[in-house]
Amino acid sequence: MARTRFRPLSFEVPKPLFPVAGVPMLQHHIEACAQVPDMKEIILIGFYQPNDELNRFISSSQQEFKIPIRYLQEFAALGTGGGIYHFRDQILSGGPVAFFLMNADVCSEFPLQEMLRFHHQHGENHCGVLLGTTANRTQSLNYGCIVENHETNEVLHFVEKPSTFVSDVINCGIYLFTPDIFGHIGKVFQKNQQERIQEELTNGKQMPEVIRLEQDIFTSLAGQKKLVVYKTQHFWSQIKSAGSAIYASRLYLKQYHQTHPERLATNQDGTPKIIGDVYIHPTANIDPSAVLGPNVSIGKGVTIGGGVRVRESIILHGAVLQDHCCVLNSIVGWDSTVGKWARVEGTPSDPNPNDPYAKIDSETLFRDGGLTPSITILGCNVSIPSEVIIRNSIVLPHKDLNRSFQNQIIL
């Protein structure tokens, strides 16, 4: 489970519960897991304090997908390997022959059943299947890079975010492990424990109990016939920022044509004009003269007035878009209001459409001394007055603006 949050959107909401294509980000993961035959249980591991929203999500997901779901809270951020090793007894309590591990901050078609078949085809000598995809040479440096044996699919070499080109096959953060993986993590844990004790005795410093799968486990197991890589041709993207959430929403909305066509809005008499893929929550109140799409997600209880135009945006629960306002490449936070004839606009941060292997870049907030042009984000309970322009800006929650802003963070 991811440990980061979308600032300023989610001071209260854990990032995995942020709505992408109309449903919490984590629901896409859970739905994919629930479709795997003989899946017995889903365990969420994270550093978040359990709250009512997380408990409601778990309860509703259990009812919808008819599978037990539990949340296990780490006492400290233990890393991708440390978290599952700390809770290894819980994970192994049902006697699983294998288990999937997925980072929460990725979007994908989650080819879990294909990975399972791939696992069975490659015998019992390996302890892990890594999902990989192809990136271009430049962007591959931002990910874990996998060198494979093209005949056996064995992982020969693994480097996390190399400084020079290693491979165009990158790690997707989606894995299938056998229980044997805990033996390998345990060796690293014991080694780290000895180093921690020595460091405390020598310098009096307490080292964190962090074990990272990528740097600490995969790098040592590569080349030992313990890991294989399954390469997917389907869509995959990280969700590291609010801008990448809009891109992920587009990917999931497109997938809905095959998986959930009932979630996509259609053009009908007395309804707003729909262009491309649009999700509208059933409780939203939208004037028929509004124009929505492509790639628009409208949340619960949203009100949209006459003549409103929305494109490439996510409008969250309870927001109000007043008559004739325009929202482009933006996220409008919970219970925020955009006034009449106002314009809220951002700059898209999409991958290069002419490169089939391009991924969305991790955005740096500042570049060359200024705010990097990106999507506009309105935090929760923000009020935008009528007839102003908010462009390429980030507005923190509970702000009442009284004029136009451009390329600014409004604290």
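User: Where does P294 lie?

Analyst: P294 is in the loop between β16 (291–292) and β17 (296–298). Helices (H or I, at least four residues) and strands (E, at least two) are DSSP runs, numbered from the N terminus. This is a predicted model, in which local features need pLDDT of at least 70 and side-chain atom pairs count only at pLDDT 80 or more, while totals for chains, interfaces and linings use all residues. Residues are numbered from 1 along each chain as its sequence is written, and side-chain values use heavy atoms, with hydrogens and water left out.

User: How many helices and strands does the chain have?

Analyst: The chain has 8 helices and 33 strands.

User: Why does the radius of gyration of the chain agree with that of a compact globule?

Analyst: The radius is taken over C-alpha atoms, and the globule rule is 2.2 Å times the number of residues to the power 0.38. For 411 residues a compact globule would come near 22 Å, and the chain has 23 Å, so the two agree. The C-alpha trace spans about 65 × 50 × 45 Å along its principal axes.

User: Why is G306 called buried?

Analyst: Buried means under 20% relative accessible area, exposed over 50%, and partly exposed in between (1.4 Å probe, protein chains only). G306 has a relative accessible area of 13%, so G306 is buried. The residue is in the loop between β18 (303–304) and β19 (309–311).

User: Which residues does G306 touch, not counting residues up to four places away in sequence?

Analyst: G306 touches D287, S289, D323 and H324. A contact means heavy atoms within 4.5 Å. By contrast, L176 is 130 residues from G306 in sequence and 50 Å from it in space, C-alpha to C-alpha.

User: Does D38 count as buried or exposed, and why?

Analyst: D38 has 67% relative accessibility and therefore counts as exposed. D38 is in the loop between α1 (25–34) and β3 (42–46).

User: What is the phi of D38?

Analyst: Phi of D38 is near 65 degrees, a positive value in a residue other than glycine. Most residues other than glycine have a negative phi. N407 also has a positive phi, near 55 degrees.

User: Why is N407 called partly exposed?

Analyst: N407 has 33% relative accessibility, so N407 is placed in the class partly exposed. The loop that holds N407 runs between β32 (405–406) and β33 (409–410).

User: Why does L141 count as partly exposed?

Analyst: The relative accessibility of L141 is 25%, which means partly exposed. L141 is in the loop between β7 (128–134) and β8 (144–148). Beyond residues up to four places away in sequence, L141 touches K161, P162, S163, T164 and F165. One of these, S163, is 22 residues from L141 in sequence and 6.5 Å away, C-alpha to C-alpha.

User: Why is L221 called buried?

Analyst: At 3% relative accessibility, L221 counts as buried. L221 belongs to helix α7 (residues 213–221). Leaving aside neighbours within four places in sequence, L221 is in contact with C127, I181, H184, K226 and L227.

User: Why does S374 count as buried?

Analyst: S374 has 12% relative accessibility and therefore counts as buried. Its loop is the one between β27 (370–371) and β28 (376–378).

User: What makes helix α3 mostly covered?

Analyst: In α3 (residues 79–86), 6 of the 8 residues are buried. The buried residues are G79, G81, G82, G83, I84 and Y85. For the chain, buried residues make up 51% of the 411 residues.

User: What are the bounds of domain 1 and domain 2?

Analyst: The bounds, from an automatic or database domain assignment, are 19–238 for domain 1 and 263–406 for domain 2. The contact between them takes 17 residues from domain 1 and 13 residues from domain 2. Their centres, taken over C-alpha atoms, are separated by 33 Å.
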